Amino acid sequence: MKIQSVHPFLGNIGQPIIISGPCSAETEEQLIETAIELSKTRKVNLFRAGIWKPRTRPGNFEGIGKEALLWLKKAKELTGLRTAIEVGTPEHVEHALKAEVDVLWIGARTTVNPFVVQEIADALKGVDIVVLVKNPVNPDIELWDGAIERIFNANVKGIGAIHRGFSKFGNSKYRNIPQWELPIELKRRHPEMTLICDPSHICGRRDTLFEVAQQALDLSYNGLMIESHLHPEKAWSDSEQQVTPENLVHLLDSLKIRKQGGTEKNQQIELLRQHINLLDKELIEVLNKRMCISDQIGTHKKENQLTILQAERWIEVLESTVKEGLDKKLSKEFIEKIYSIIHVESINRQNEIMNH
Ligand code: PEP
Ligand code: MN
């Protein structure tokens, strides 16, 4: 499966492709006014709008439906902006093609279902259109790649991927956790495929959009999909993450676009390095968490007048980590060295707590 870039169709080479527009088409006026404002910025390559909205819970706004396709067509005629919508069934595809929508995307809740993806692929057989496949809600690279393969097998040659983060349980700074290593692996498998980041659905809020967008560009993504609304606080869906067209411009103007380059081989090395960088960040994060818990133990020892060094515990930790390491083909010497450094640091911190 050799997937070619759709960059030349979607945007200007060397510049990130910018896809923007409201989470949902709400009214004709809202849709057309937004398209006009976005086209005035001259920074947007593609106008997005949700016509059918897959909602996690029933009772929320589920989209206007096919009536909004007429508004979208009008918006395109007035502004010249090409259009993109989400399709979740073969019927959606049929309506979208009739209404001459330029780009279709498959949403995260659809990518998880091979039956539905296959039905969509069948409806797209041989059609000359660009299809962007969002990652599934769960971090499963095979499911994502499998959906791409189904669309590819339908002879749709204009394929790209959108990274919108992965579901979580519990608290996180993100609405959907980025888990950057998955899109990096996807890019390794398909080096030429256009990869777009959707910071809006990763962040779920406005104030962190910039940092996620910048990180995506630093990881050589080809473009960004960012939701925009004339009055974000009044939006019928995803109101907390949408930005005004004016703020979209501020955000885009603040992004640093660094040069990519090098041969394909160098780019492969670059991807592997980026992967290492992400793992190093995780390593530091885990070390920090471990030291914080060790500090709590230090406080407890102080309150209960216990000694810092409890030899049996240390022997137990060392034995179990060496065993764990050997299972993963990490040598005994390596684990012992690392753990004695970690142990000494813990003891020093606990000592500090005991004596201050
Ligand atoms: C959307 O783009 O509005 C959307 C519903 O996205 P996702 O499939 O990523 O949740
Ligand atoms: Mn949305």
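The questions and answers below go through a predicted model, from its ligand site to its surface.

Residues are numbered from 1 along each chain as its sequence is written, while chains are lettered from A and ligands numbered from 1 in the order in which they are written. In this predicted model, local features need pLDDT of at least 70, side-chain atom pairs count only at pLDDT 80 or more, and totals for chains, interfaces and linings use all residues; side-chain values use heavy atoms, with hydrogens and water left out.

Reader: How much of ligand 1 does the protein bury?

Author: The residues around ligand 1 include Cys-23, Trp-105, Ala-108, Arg-109, Arg-164 and His-201, where a residue is near a molecule or strand if one of its heavy atoms lies within 4 Å of it. A backbone N or O atom of Ala-108 is 2.9 Å from an oxygen atom of ligand 1. Taken alone, ligand 1 exposes 300 Å² (accessible areas come from the Shrake-Rupley method with a 1.4 Å probe; for residues, only the protein chains shown count as cover). Of that area, the protein buries 97%.

Reader: How far is an N or O atom in the side chain of Arg-164 from an oxygen atom of ligand 1?

Author: A polar contact is a pair of N or O atoms within 3.5 Å; within protein, one must be able to donate a hydrogen and the other to accept it, and residues adjacent in sequence count only if both atoms are side-chain atoms. A polar side-chain atom of Arg-109 lies 2.9 Å from an oxygen atom of the ligand. For the side chain of Arg-164, the distance to a ligand oxygen is 2.6 Å.

Reader: Is His-201 buried or exposed?

Author: His-201 sits in helix H9 (residues 199-203); helices (H or I, at least four residues) and strands (E, at least two) are DSSP runs, numbered from the N terminus. Leaving out residues up to four places away in sequence, His-201 touches Arg-48, Lys-134, Arg-164, Arg-175, Asn-176, Glu-227, Asp-238 and Gln-241, contact meaning heavy atoms within 4.5 Å. Buried means under 20% relative accessible area, exposed over 50%, and partly exposed in between (1.4 Å probe, protein chains only). Because its relative accessible area is 10%, His-201 is buried.

Reader: Which side chain is joined to that of His-201 by a polar contact of 2.8 Å?

Author: His-201 is also one of the residues surrounding ligand 1. Within the protein, a polar contact of 2.8 Å joins its side chain to that of Asp-198.

Reader: Which residue forms a salt bridge with Arg-189?

Author: A salt bridge is a side-chain nitrogen of Lys or Arg within 4 Å of a carboxyl oxygen of Asp or Glu, and a search of the whole structure finds 20 of them. The closest N and O atoms are 2.8 Å apart, and the partner is Glu-185.

Reader: How far apart are the closest N and O atoms of Arg-313 and Glu-316?

Author: Arg-313 and Glu-316 both lie in helix H13, three residues apart, about one turn of the helix. Glu-316 counts as partly exposed because its relative accessibility is 46%. The two residues form a salt bridge, with the closest N and O atoms at 3.2 Å.

Reader: Which residue forms a salt bridge with Arg-205?

Author: Arg-205 is partly exposed because its relative accessibility is 33%. The closest N and O atoms are 2.7 Å apart, and the partner is Asp-207.

Reader: Where is Gln-305?

Author: Gln-305 has a positive phi of about 50° although it is not a glycine. At 72% relative accessibility, Gln-305 counts as exposed. Its place is the loop between H12 and H13.

Reader: Which residues is Val-322 in contact with, leaving aside its neighbours within four places in sequence?

Author: Val-322 belongs to helix H13 (residues 311-327). It is buried because its relative accessible area is 9%. Leaving aside neighbours within four places in sequence, the contacts of Val-322 are Lys-332, Ile-335 and Glu-336.

Reader: Which residues form a nonpolar patch on the surface?

Author: Patches are made of residues with over 30% relative accessible area and no salt bridge: like charges are joined within 9 Å, nonpolar side chains (Val, Leu, Ile, Met, Phe, Trp, Tyr) within 5 Å. One member, Leu-287, is in helix H12 (residues 264-303) and counts as partly exposed, at 34% relative accessibility. With about 290 Å² of accessible area together, the patch consists of Leu-283, Ile-284 and Leu-287.
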